[in-house]
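These notebook entries record what I looked up in one structure. I begin with the aromatic rings and then turn to a sheet and a loop residue.

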Amino acid sequence: MFKIPKITGRNAEEAFASLEPQPVACCNWPEQYPYAPKVAFRMYHTGDRLMLRFDVAERHTAAKVTADNGEVWTDSCVEFFIAPDDSLYYNFETNCNGTMLLGARKSREEAEHAPAAVLARIKRETTLPRGEAIELPEGDNHWSLTLSIPPSALFKHGIADWSGQKACMNLYKCGDNLPVPHFLSWQPIDTPNPDFHRPEFFADVVFEE
């Protein structure tokens, strides 16, 4: 079981620096999509906030979507899926300019998108221009995204504090419409084609008290 530490009394930079980066490196469909950018995440919580940072190094970086709950997965995108129980999972999908799609889902097809008020409570910081269309030259591109997620972002569950919560999760990197599409995961996925909406491949996690 993956433990998400509780860290208080430090600023975000100090807290993230104390954690070992976890690679998002499972290239589950190598024959179809062999390209694998370098991606890692670090995660901790403060009780009232889940802090998540992605660090990405890739050849192609672009974002055309600038409105929340749009098709951000077509851009250079990182994703965090979490299931607090067996009833629903939530997909936090964020492109490199900080635009987010958030849904409460029973499956890929059965979803309720988060209202604007919920999305507004999720703080997003990116090292690229926030909310702008982006297309970087091909090369050694690096960017980072930091999310600060309150428990209320799980808007169908009424969770008040991350402390002590148990859940399942997986994290991903994709870019469906980039010049070289790619689909990476933290935990391996055993399906014939890319499919991140598979809770049966999530890993068990616990948020430390």
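I counted rings of Phe, Tyr and Trp (its six-membered ring) as paired if their centres lie within 6.5 Å, with planes under 30 degrees apart taken as stacked, over 60 as edge-to-face and the rest as tilted. The model is predicted, so I took local features only at pLDDT of at least 70 and side-chain atom pairs only at pLDDT 80 or more, while totals for chains, interfaces and linings use all residues. Residues are numbered from 1 along each chain as its sequence is written, and side-chain values use heavy atoms, with hydrogens and water left out.

Entry on rings. I searched the whole structure and found 14 aromatic pairs. In one of them, Phe-16 and Tyr-44 have ring centres 5.1 Å apart and planes at 70°, so I filed the pair as edge-to-face. Phe-16 belongs to helix H1 (residues 12-17) and Tyr-44 to strand S4, 28 residues apart; helices (H or I, at least four residues) and strands (E, at least two) are DSSP runs, numbered from the N terminus. Both Phe-16 and Tyr-44 are buried, where buried means under 20% relative accessible area, exposed over 50% and partly exposed in between (1.4 Å probe, protein chains only).

I next examined Tyr-33 and Phe-183, whose ring centres are 4.8 Å apart with planes at 75°, so this pair is also edge-to-face. Tyr-33 sits in the loop between strand S3 (26-27) and S4, and Phe-183 in strand S15 (residues 183-185), so the pair ties together parts 150 residues apart in sequence. Tyr-33 is partly exposed at 25% relative accessible area, whereas Phe-183 is buried at 10%.

I traced an open sheet of 5 strands, in the order S2-S4-S5-S13-S11 with antiparallel pairing; two strands pair if DSSP finds at least two bridges between them. S2 is joined to S4 (residues 38-45) by 2 bridges, and Gln-22 stands opposite Phe-41.

Entry on Thr-99. Where does Thr-99 lie? I located Thr-99 in the loop between strand S8 (89-95) and strand S9 (100-105). Thr-99 has a relative accessible area of 2% and is therefore buried. Beyond its neighbours within four places in sequence, its contacts (heavy atoms within 4.5 Å) include Val-65, Asp-68, Arg-124 and Arg-130.
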